[in-house]
Amino acid sequence: MDIQWICAVTTILAWFCTGSSGHQTSVEPPRNLQIIDPGLLGHLCIEWQPPPSLLTLDQCTIKYKLKYRSTGDADWKVVFTKKLKYGVGFDLSKRTEAKVQTLLEGRCTNESEVKSDWTHATFQLPSQGDLESQIRDLHCVYYDWEHLTCTWQLGRLAPPGARYEFYYWYEGLDHAVQCDDYRQTHGRNTGCNLQNLRQAEYTDFNVCVNGSSESTWLRPSYFTFHLQNLVKPSPPEKLSLSISASEEVHVEWSPPAGGTPPHCLDYEVQLTERDGDDPWASVSTQVETAFTFSQSNRSHVACVRVRGKTNVFCADKGFWSEWTRECFYVSRKDEKQLFLLIAVVLSFLTIVIIFILAAQRKKRTNGEKNISPTSLYLE
């Protein structure tokens, strides 16, 4: 009996070991990880190949976990994909680092996830030119959601005659394109105007400003941003004020003209007690194009101003528009009472003066009647 029991247990263990040996317990990392620069101003392609052992596996899901970052980034950016390449924008003035691992899961791993080791790669363009020769203070604004204006300052060590050039690229363009409408200061390029960029919205917009000089290399500068986060709308239009009998002030305005969608705007309403140096107080930030507030117990002169900015439904950030302003006058209760009192006093004084003048006239008339003709003859 004991011998039969031992044989049975041995058979079960042998079957279990044989069955489990068919499960994948490890997987190789991806091969030939590369970071490739196709010349798109910072849009790099990260590519790799699958490990050879995966070619014979079936009944399993194969995925890859990709991490990437640039020098100075605190955290890795993480992507899970089934593809063998991934494109993303980087600042080419910094060193780029990427790593990828294989993830295996399914019947071939007994439904557990198996991870490989990491495969690493780095990329960095060769340094070119003095750091102080690159442009400074690039500032870009997407006015009215219609045209982009970028300006910059010349490099501190830019030699005389240095010429800076502005290039841009976004998904949909075959290659990087140079600006064809430069802004100049003293004959040198210090800005660029661009239009017809609707296709570039909500995607990476890559920029490179480099330069050339007869005497030395100039350090290029690279930037990546989203146009919808650079929008500055025009000021609100048709600001109007109306005052009710209960001294409520109703402020109303219209969305600005231009390409900024009305539903993408937030408005800030501010009020000041007097038109002058008094500070402005913010009383509302809202989507609506009207606002009502009570003027009671306030100064009789006040000003209202309104400005707009893209909201969180359409962009992560943006620039405030210029202000639209209007002032108004409301009489206070004590002033109304004073005006009424003055009117009553003036009316009373008028009546008194009329009575005095009438009495003097009557007295003068009676005096003339008391002079007799006999007295006149005796004289």
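This briefing covers the disulfides of one predicted model. Local features need pLDDT of at least 70, side-chain atom pairs count only at pLDDT 80 or more, and totals for chains, interfaces and linings use all residues. Residues are numbered from 1 along each chain as its sequence is written, and side-chain values use heavy atoms, with hydrogens and water left out. A disulfide is a covalent bond between the sulfur atoms of two cysteines. Here the term means a pair of cysteine sulfur atoms within 2.5 Å. The count comes to four disulfides.

**C140 and C150**
- Their sulfur atoms sit 2.0 Å apart in a disulfide.
- The S-S torsion is about 115 degrees, so this disulfide is right-handed.
- C140 lies in strand β9 and C150 in strand β10, so the pair ties together parts ten residues apart in sequence. Strands (E, at least two residues) are DSSP runs, numbered from the N terminus.
- C140 is buried at 7% relative accessibility, and C150 is buried at 1%. Buried means under 20% relative accessible area, exposed over 50%, and partly exposed in between (1.4 Å probe, protein chains only).

**C179 and C192**
- These two form a disulfide with sulfur atoms 2.2 Å apart.
- C179 is in the loop between β12 and β13, and C192 is in strand β14, 13 residues apart.
- C179 is buried at 5%, and C192 is buried at 1%.

**C303 and C327**
- The sulfur atoms of this disulfide are 1.9 Å apart.
- C303 is in strand β23 and C327 in strand β24, 24 residues apart.
- C303 is buried at 0%, whereas C327 is partly exposed at 32%.

Conventions
Helix = DSSP H or I, 4+ residues; strand = E, 2+ residues; numbered from the N terminus.
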